[in-house]
Amino acid sequence: MNETTSEWIKRHAHPLTTLDPQAPLDDLGPLRNMAADAAIVAVGASTRQAHELSAVAHRMLRFLVEERGFRSLALEGDDPERVGLGAYVRTGHGDPRALLARARPFLRTEEILGVVTWMRAHNERHPHDPVRFAGLPEPSRQAPPTRADLEERLADDVIRWRERSGDKIVYWGGVAHTIQSPGHLGGHLRERFGAGYLSIGLTFEYGALPMPVPSPPADFAETPLSAAGLDAFLLDLRTPGPEPVRAWLEEPARTRLIGPAQDSTEHLSGGSFGGWFDVVAHHRRVTPVHLISI
């Protein structure tokens with residue numbers, strides 16, 4: 001019997017068993033080999049407004065720091081030095097909750113606060129081997145001439161930080177930037193670093209952000225992922241598979257992309273699922289991030 005795409009996914013998926021950022025990282029063990037050759041790992045979320053996707057991104061950051069020697073976090077969307085977060089993770093000076101209140105709205109969450117306080121706690125335990133924010137210039141509030149110019153500038157900033165610091169970098173942002181497509185940050189980084197750039201997509205089926213988000217149309221790439229019947233899992237898309245799997249990965253695809261406007265019909269297209277991502281972490285259901293209170 002020919003194996004279906006969902007059957008193949010279920011056979012090769014690695015279940016994710018917890019969202020607790022402080023819990024043991026055993027369920028992320030397969031990421032050790034997936035990221036073995038990576039100097040830059042991009043964790044690209046289909047939305048920045050889902051608790052589950054933020055929580056798994058935090059756990060991946062922690063795993064890559066503790067198990068793979070990554071030492072810089074490029075947090076897309078704001079300048080941690082301007083906000084004061086860079087100084088906080090270095091020295092402990094300041095109130096991280098109050099500092100995040102000065103950041104852009106999609107970073108003002110308890111989930112990002114958890115990342116910042118974990119970074120500070122790591123540095124207190126390892127003062128001679130700290131983790132830090134990548135020193136990337138803050139994106140201009142004036143749009144550059146074109147979207148392509150913005151993507152190239154973002155990639156150049158990451159490349160310069162890698163050359164200057166020597167750090168392995170986790171880039172945490174949105175899939176609109178991190179996908180491995182020409183004209184996107186991820187495409188530029190794949191061209192520059194080859195297999196040293198790993199693109200991880202964080203996807204989901206349905207839930208609330210807080211507005212209700214229904215399951216996507218049947219032709220979206222997430223549909224076979226959810227049909228595998230697992231609540232949350234990690235999957236290496238580079239694993240060889242039968243013809244239906246190759247078709248799913250190589251044919252023109254659509255996948256969720258929900259930005260601050262929370263338009264549930266928004267999506268990525270113009271590429272293939274296997275071309276955009278090397279690895280995917282999929283959750284069937286998501287709930288809203290928790291906004292910080294001061």
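Leaving aside its neighbours within four places in sequence, which residues is Leu257 in contact with?

Guide: Happy to! Before we start, this is a predicted model, so local features need pLDDT of at least 70 and side-chain atom pairs count only at pLDDT 80 or more, while totals for chains, interfaces and linings use all residues. Residues are numbered from 1 along each chain as its sequence is written, and side-chain values use heavy atoms, with hydrogens and water left out.

Now to your residue. Once neighbours within four places in sequence are set aside, Leu257 touches Ser46, Val175, Ala176, Glu266, His267 and Leu268; contact here means heavy atoms within 4.5 Å. Leu257 sits in the loop between strand 9 (252-256) and strand 10 (267-272). Helices (H or I, at least four residues) and strands (E, at least two) are DSSP runs, numbered from the N terminus. With a relative accessibility of 16%, Leu257 counts as buried, since that word covers anything under 20% relative accessible area, with exposed meaning over 50% and partly exposed what lies in between (1.4 Å probe, protein chains only). Gly174 is 83 residues away from Leu257 along the chain, yet their C-alpha atoms are separated by 8.3 Å.

From there, let's move to helix 10 (residues 185-193). Its buried residues are Leu185, Gly186, Gly187, Leu189 and Phe193. The elements that cover them include strand 2, helix 8, strand 5 (169-174), helix 9 (175-178) and strand 6.

Two packed helices are described by the angle between their axes and the distance between the axes. The axes of helix 8 and helix 10 come within 8 Å and cross at roughly 40°; axes are lines fitted to C-alpha atoms, for helices over the stretch in contact, and angles run from 0 to 180 degrees between N-to-C directions. The two helices are therefore oblique to each other: angles under 35 degrees count as roughly parallel, over 145 as roughly antiparallel, 65 to 115 as roughly perpendicular and the rest as oblique. Helix 8 and helix 10 make a right-handed crossing, meaning that the near helix is turned clockwise from the far one by less than a right angle, and left-handed would be anticlockwise.

On the helix 8 side, the contact is made by Glu151, Glu152, Leu154, Ala155, Val158, Ile159, Arg162 and Glu163, and on the helix 10 side by Leu185, His188, Leu189, Arg192 and Phe193. Sorted by class, that contact holds seven nonpolar, one polar and five charged residues. Here Ala, Val, Leu, Ile, Met, Phe, Trp, Tyr, Cys and Pro count as nonpolar, Asp, Glu, Lys and Arg as charged, and the others, Gly among them, as polar.

Charged residues lead us to salt bridges, of which the whole structure has 18; each is a side-chain nitrogen of Lys or Arg within 4 Å of a carboxyl oxygen of Asp or Glu. Glu151 pairs in this way with Arg147, their closest N and O atoms being 2.7 Å apart. Both residues belong to helix 8 (residues 147-165), four residues apart, or about one turn of the helix. Glu151 is buried at 0% relative accessibility, whereas Arg147 is partly exposed at 46%.

Arg190 is partly exposed at 28%, and Asp278 is buried at 6%.

One further salt bridge joins Arg48 and Glu76, with 3.5 Å between the closest N and O atoms. Arg48 is in the loop between strand 2 (40-45) and helix 3, and Glu76 in the loop between strand 3 (72-75) and helix 4 (80-83), so parts 28 residues apart in sequence are tied together. Arg48 is buried at 16% relative accessibility, and Glu76 is buried at 11%.

Let's finish with strand 6 (residues 197-208), where Glu205 is found. Glu205 is buried, at 13% relative accessible area. Not counting residues up to four places away in sequence, its contacts are Pro214, Ser215, Pro216, Ser226, Arg256, His282, His283 and Arg284.
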